[in-house]
Amino acid sequence: MKKQRQPIELIKVEHTEGMERYPDVLFEYAPNTVVKGVEDAPGRFRFTCENGLTLRIEVVNDAVLRFRYAPTGIFERDFSYVLEPAQPATGVTFAEATEQYMLSTASLICEISKTDLRTRIVDRQSGQVLCEDAEPFYAAATQMKGLIELRISKKAPKEARYYGLGDKSCNLNLRGQKLQNWNTDAFAFDKNADPLYRSIPFYYTLNAGAAYGIFLHNTSRSHFEFDHKREGVLRFWAECGEMDYLFIHGPKLDEVAKRYLHLTGLPELPPLWALGFHQSRWGYYPESRVFELVEDFRRHQIPCDAVYLDIDYMDGYRCFTWNKDHFPDPKALIAALRKDGFQTVVMIDPGIRVDPDYEVYRSGLEQGFFCRRSSGELMTGPVWPPSCVFPDYTLPEARSWWGELYRELYNEQGVSGFWNDMNEPAVFKVNNMTFPDAVQHHYDGDPCDHRKAHNIYGLQMSRATNEGLKTLQPQKRPYLLTRATFSGGQRYAAVWTGDNVASWEHLRLANLQCQRLSISGFSMCGTDVGGFVDQPDGELFVRWLQLGIFHGVFRIHSMGNNASGNASVDENAVQEAAAADRLDQEPWSFGEPFTAQARQAIELRYQLLPYLYTAFRQCATNGAPVIRSLAFYDQEDPQTWDREDEFVFGPHLLVAPVLRKGAKFQRVYLPKGQWLDYHTGATLVGGQFHRVALKPETFPLYVQAGAVIPNHPVRQHTGEAVTEATLRVYYGEGMESVWYEDAGEGYDYATGAYCQRRFRTEKTADGFCLTQTVEGNYQAGYERIRVLFLGLPDGVGGVLVDGKQVSFDSKGDGLEVVLGEGFGEVRVDVFC
């Protein structure tokens with residue numbers, strides 16, 4: 001007779017409200033003796049216990065292993081909104097020893113215990129133990145609720161550091177933290193708030209010089225304890241679904257980051273205008289106010305590429321409509337703004353107003369595209385309108401319908417980009433600010449309740465929007481900003497950190513959050529510069545702008561004098577209040593000297609656009625984060641492990657933003673190597689701290705010795721023609737730098753319409769040499785290239801360009817040569 005497989009059962013009475021008379025039964029699952037190890041497909045291995053609990057290991061590639069646990073031996077459908085399709089690796093060896101099974105790839109050995117399924121992963125080259133289970137896998141379910149916990153426990157070595165997990169406001173090193181992932185409308189959050197708007201269940205471990213990552217591939221509410229109890233154990237668990245996680249080997253942190261992005265999807269190169277400066281506010285209406293705003297930008301000569309319209313532009317908060325009293329001719333308004341160099345971005349929320357006369361509501365209702373409760377009734381709730389329904393973006397037909405709704409705004413009226421807000425999803429006037437767990441979702445053919453779909457609701461909304469925009473204008477790169485998302489959402493939209501506060505604490509949090517988001521896959525990220533809630537003073541505002549220079553999304557956004565967002569509002573109350581007393585937060589709002597300082601900060605962003613655009617191109621092709629914490633620059637240096645203030649921007653710049661009110665000096669750590677002041681070329685030695693004097697209009701900014709940083713002249717928007725560029729060349733040992741260009745819009749770059757210049761610098765016996773190679777067939781059409789050498793030793797004897805002597809000029813702290821864009825070599829002779 002075949003032995004029946006039974007989980008371990010413990011009887012437990014749970015007094016659930018409304019069911020006091022009925023005891024619930026708690027089932028606990030833990031592995032017992034392993035009876036077999038079977039390779040059930042190339043690169044896939046199954047290990048089954050006598051009680052039915054099963055572990056399946058998939059070798060994704062030599063550096064990535066996927067672990068899936070089924071408490072009863074029955075696995076869920078292998079479906080993902082996150083992982084890119086991949087075939088399991090081949091060339092994996094399998095062996096059996098007395099106490100364990102072993103899987104080996106070219107770089108890893110995975111050992112599986114025969115007694116309790118604990119796993120241990122070893123670096124095959126060095127023999128170092130990288131990751132080891134501290135306890136066996138554990139799962140629990142109840143008769144009434146089903147699965148309630150699926151847990152993995154890992155050993156947490158004393159010196160190990162932990163990074164990542166996306167949008168968290170705690171310290172950069174996660175050790176000691178207890179955190180959860182559940183997308184939440186976290187209005188005016190503080191440094192201890194958790195969870196926040198996004199869920200990115202991916203973290204890094206750095207220990208003994210080696211790094212790896214863990215991605216929990218489960219969309220339900222998840223929890224992470226990073227040795228929170230100080231017992232040397234890291235635990236993570238999900239509340240339902242399947243325990244499914246991926247181990248991602250480095251051994252460098254940067255390598256883990258790149259592999260994670262290749263697994264979850266590389267972001268697309270944004271249009272160039274999206275990297276310009278953007279201005280937003282809750283309350284830019286009527287259209288005369290918008291015209292006043294853009295005229296003020298041009299009058300003050302402060303660059304700006306985009307203006308955002310918040311919910312005020314809609315007719316009664318009906319998405320995809322216009323308030324014709326405030327905006328009588330949207331198409332003419334948008335055309336006028338574009339003529340002056342401004343793109344228009346408008347907000348779209350998921351909450352669709354319940355109104356039988358509203359076409360979006362009527363068509364979605366007729367086609368069955370809105371979420372329903374388990375009883376079958378529509379899920380309704382207040383957001384900005386008093387009653388809304390919500391599309392089920394996990395239904396493919398609903399996604400297609402949603403994408404088509406953008407046609408009039410995008411194709412006919414000329415809106416350039418969109419801003420998906422309130423998509424945690426947020427619902428007002430309820431305790432948990434979101435849907436009840438029992439709301440049903442299609443989940444692309446695998447129906448589930450909201451526990452499983454909540455965290456990917458915003459992800460699927462941004463996917464539906466992105467795919468719709470690409471269908472409507474396939475030749476145009478979409479620009480989309482989303483508040484809520486999940487791992488993999490970088491493929492569809494940029495993110496910002498939500499409703500922050502105008503305070504110095506939140507300036508510090510902005511720095512931490514964007515570092516963490518970038519290393520967690522979302523390089524196209526930013527904050528509400530100056531704070532959304534309350535109003536900053538001039539000093540805080542300028543310091544925030546200086547930080548924002550180095551965030552992909554560089555946008556001022558403020559609440560003005562509007563009411564708090566977490567309540568349903570009267571349709572006219574917000575608009576009447578905003579008209580009565582404006583609380584503006586534009587770059588000139590604080591008067592001099594702050595206007596000049598704000599202008600200087602925004603101008604530096606536009607000068608650095610060639611460098612920033614190149615960094616985003618590299619992120620889109622190889623997954624390199626645009627913003628990196630110092631540990632990602634040099635993980636061998638213990639001083640970098642817990643540094644939070646400084647960060648690396650792109651491959652060569654180090655930024656030390658000023659985060660403290662009234663600071664006159666700042667202690668800055670520079671990693672090992674040689675660094676030069678970005679502006680002056682003054683040389684500083686790395687591997688030590690430096691005390692730096694501060695000025696209100698500047699902040700510490702450094703460049704790796706030998707790097708080349710491309711600059712453009714200041715322009716008022718990215719649509720202005722550029723006839724020259726500057727290469728800032730920093731004296732130092734040999735290094736390679738890249739400058740990538742294309743049309744800044746569209747996809748012609750995919751067929752060769754790009755220009756990629758590679759620069760190599762080298763110290764020689766008698767000077768310093770810069771060489772250039774060019775690939776691609778895009779013609780930028782520069783009339784001249786200014787090559788500015790900084791940090792050169794005294795005593796320049798001459799400059800040769802492609803072997804010919806040329807004249808040069810002293811310019812500030814550097815030496816400048818003016819050339820044609822096709823030069824091959826510039827050699828500076830230096831008499832030391």
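Me: Is Leu512 buried or exposed?

Reply: Leu512 is buried, with a relative accessible area of 1%. Keep in mind that this is a predicted model.

Me: Ok, and where does Leu512 sit?

Reply: Leu512 is part of helix H9, which covers residues 504–519.

Me: What separates the C-alpha atoms of Leu512 and Gly687?

Reply: There are 22 Å between those two C-alpha atoms, and Leu512 and Gly687 are 175 residues apart along the chain.

Me: Is Cys448 buried or exposed?

Reply: Cys448 is buried, at 9% relative accessible area.

Me: Pockets next. What volume does the largest pocket have?

Reply: About 510 Å³. The lining of this largest pocket is made of 29 residues, and Leu272, Arg715, Thr718, Ala743 and Gly744 lie nearest its centre.

Me: Which helix and strand supply at least two residues each of that lining?

Reply: Helix H13 (609–622) and strand S43 (735–741) each do that.

Me: And how do the lining residues divide into nonpolar, polar and charged?

Reply: The lining of the largest pocket has 13 nonpolar residues, eight polar ones and eight charged ones.

Me: S43 is a strand, so which sheet holds S43?

Reply: S43 belongs to an open sheet of six strands, in the order S43-S44-S45-S51-S47-S48, and the pairing is antiparallel. S43 is an edge strand there, and so is strand S48 (804–806), each pairing on one side only. On average, neighbouring strands of this sheet are turned by 25° against each other, direction ignored.

Me: How many bridges join S47 to S51?

Reply: Five, between strand S47 (residues 796–801) and strand S51 (residues 825–830), which run antiparallel. As an example of who faces whom, Leu800 stands opposite Arg827 in S51.

Me: Which order do the strands of the five-stranded open sheet have?

Reply: That order is S41-S42-S46-S50-S49, with mixed pairing. Its edge strands are S41 (708–711) and S49 (809–811). Neighbouring strands of this sheet are turned by 30° against each other on average, again ignoring direction.

Me: How do S41 and S42 pair?

Reply: S41 and strand S42 (residues 724–730) are antiparallel and share four bridges. Pro710 stands opposite Leu727 in S42.

Me: Last topic: hairpins. What do S7 and S8 form?

Reply: S7 and S8 form a hairpin with three residues between them. Strand S7 (residues 93–96) and strand S8 (residues 100–104) run antiparallel, joined by four bridges. Ala95 has Met102 in S8 as its bridge partner.

Me: And which residue in S9 is the bridge partner of Met102?

Reply: Glu111 is the partner of Met102 in S9. S8 and strand S9 (residues 108–113) run antiparallel with five bridges, and they form a hairpin with three residues between them.

Technical notes:
Residues numbered from 1 in each chain as written. Predicted model: local features only at pLDDT ≥ 70, side-chain atom pairs only at ≥ 80, totals over all residues. Heavy atoms only, no water. Pairing = 2+ DSSP bridges. Axes fitted to C-alpha atoms, helices over the stretch in contact; angles between N-to-C directions. Buried < 20%, exposed > 50% of the residue type's maximum accessible area, 1.4 Å probe, protein only. 1 Å grid on protein atoms, 1.4 Å probe; cavity = no way out; pocket = protein on both sides within 12 Å on 5 of 7 lines; lining within 4 Å. Points joined across faces, edges and corners; volume = space filled by probe spheres on them. Nonpolar A, V, L, I, M, F, W, Y, C, P; charged D, E, K, R; others polar.
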